[in-house]
Amino acid sequence: MAELTPSEGASSNPSALEHGGPGYITIFVYLTVLTGAELFVYAMGLATVLKVGLLVLLALTKAALVAMYFMHLALERKGLWIVAATPLMLVAFAYFMLRPDLSARAWVSSPAHQTIGHHEGEPTNDDAHAALVAPASARRLL
Amino acid sequence: MNEAALSETQFHPVETADEHEPSLTPGNTGKLGMWVFLAGDAMTFGAAIAAYGALRWHNVNWPDPADWLGISLTALMTFILICSSVTMVEALDGIRHGNISKLRIFLALTVLGGAAFLGCQAYEWRHLIAGEDLSIKTSLFSATFFILTGFHGCHVFGGVCYLGTLLVHSFTRAYTVADSKIVEVAGLYWHFVDLVWILIFTFVYLI
């Protein structure tokens with residue numbers, strides 16, 4: 001009997017999806033639990049580094065679950081994983097290349113004023129800083 | 001070894017692969033096309049999120065998102081999108097088993113989920129723009145927020161139109177199991193939209 005490759009299996013053989021891993025409802029439960037965990041971490045008031053690390057980890061786990069089981073990447077050929085993974089590498093590169101430059105800008109590190117399109121040396125808008133601070137009457141949506 | 005035994009051990013392909021068949025996704029050229037498109041779209045979103053992170057890092061002027069953005073509504077929006085991903089994959093499962101009714105029902109639920117998400121997003125934007133006087137020109141925080149969520153919202157709207165068209169076609173055309181490829185490709189786009197929102201929800205709202 002001809003053996004189906006993973007990609008052919010994903011396309012033409014539903015049983016490969018049914019028996020190749022967790023079911024769709026199971027993945028849905030995992031995603032819901034992970035979302036709840038994110039909200040719990042958010043509400044706990046942890047130290048920033050720990051909070052950011054946990055939230056990023058949870059988000060990437062959820063993203064991986066969606067990619068692997070809903071987008072069926074787990075059943076696809078490994079070459080397609082390279083297509084899917086390339087943006088991640090480029091994004092990480094872009095972030096680490098941009099951060100040192102942008103963090104050093106005066107309008108980032110100075111607690112004075114911040115306007116869109118502000119050029120260093122030009123007069124600034126005093127109201128711009130006030131706009132960053134939520135007014136006392138501001139209500140959160142929910 | 002006799003000929004019968006040899007024939008059992010030999011590979012018997014059902015059909016000869018066309019020489020122009022993509023090796024990554026044999027049998028479904030559209031799937032490879034969609035993956036390549038999504039990779040490019042992921043770079044666009046990724047660049048926007050990377051820029052957001054780089055602008056925010058060590059930025060002493062960045063307000064606390066919790067002071068402006070509601071987490072409960074956004075958590076509901078995230079849950080709606082996750083549910084719509086489940087209904088999308090169930091719709092694909094339906095057409096793969098030749099169950100066109102299941103395809104129609106779950107496609108309709110997916111479209112409804114997308115529309116509900118857009119409604120919640122519109123409500124949030126209206127609150128921020130009309131209620132809190134926050135606009136894309138106000139600050140870097142508001143600019144990055146509206147650009148990221150707006151760009152994603154455009155993708156959701158496009159997905160709703162895309163899936164809505166498939167839903168209409170499921171009624172006007174005689175969909176068969178062979179058409180599952182079309183639904184699979186559409187599903188890839190929808191799951192990508194959900195995946196990006198998972199990241200935006202975390203980076204913009206929670207962190």
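pLDDT is the predictor's confidence in each residue, from 0 to 100. I note at the start that this is a predicted model.

**Entry 1, confidence in chain A.** I looked up the pLDDT of chain A and found an average of 72. Of its residues, 59% score at least 70. I then went to residues 113-131 of chain A, where the pLDDT is below 50. Beyond near neighbours in sequence, that stretch has 25 contacts in the model. Residues 135-139 of chain A also have a pLDDT below 50, and there I find three contacts beyond near neighbours in sequence.

I turned to chain B, which has six helices and zero strands. Along the sequence I read the pattern as α-α-α-α-α-α. Chain B has 207 residues, 44% of them buried. I took the contacts in chain B with a separation of 6 or more and found that 80% are between residues 24 or more positions apart.

I picked B:Leu32, which lies in helix 2 of chain B. I count 21 other C-beta atoms within 10 Å of B:Leu32, so the residue is buried; the cut-off is 20 or more. I also checked B:Leu32 against B:Val185: the two are 153 residues apart in sequence, with their C-alpha atoms 8.9 Å apart in space.

Helix 2 (residues 29-56) packs with helix 5 (residues 140-172) at an angle of about 165°, and the axes are 11 Å apart. The two helices are therefore roughly antiparallel, since angles over 145 degrees count as such. I note a left-handed crossing for this pair. Helix 2 makes the contact through B:Ala48, B:Ile49, B:Tyr52 and B:Leu55. From helix 5 I list B:Leu140, B:Thr144, B:Ile147, B:Leu148 and B:Phe151.

I looked next at helix 3 (residues 71-96) and helix 6 (residues 180-206), which pack at an angle of about 165° with their axes 10 Å apart. That makes helix 3 roughly antiparallel to helix 6. Their crossing is left-handed. On the helix 3 side I find residues including B:Leu81, B:Ser85, B:Met88, B:Leu92 and B:Arg96. On the helix 6 side, B:Glu184, B:Gly187, B:Trp190, B:Asp194 and B:Phe201 are among those that meet helix 3. By class, I have 14 nonpolar, six polar and three charged residues in the contact of helix 3 with helix 6.

Methods. Residues numbered from 1 in each chain as written. Chains lettered and ligands numbered in written order. Predicted model: local features only at pLDDT ≥ 70, side-chain atom pairs only at ≥ 80, totals over all residues. Contact = placed C-beta atoms within 7 Å. Axes fitted to C-alpha atoms, helices over the stretch in contact; angles between N-to-C directions. Helix = DSSP H or I, 4+ residues; strand = E, 2+ residues; numbered from the N terminus. Parallel < 35°, antiparallel > 145°, perpendicular 65-115°, else oblique. Left-handed = near helix turned anticlockwise from the far one by under 90°. Buried ≥ 20, exposed ≤ 12 C-beta atoms within 10 Å, placed from the backbone. Nonpolar A, V, L, I, M, F, W, Y, C, P; charged D, E, K, R; others polar.
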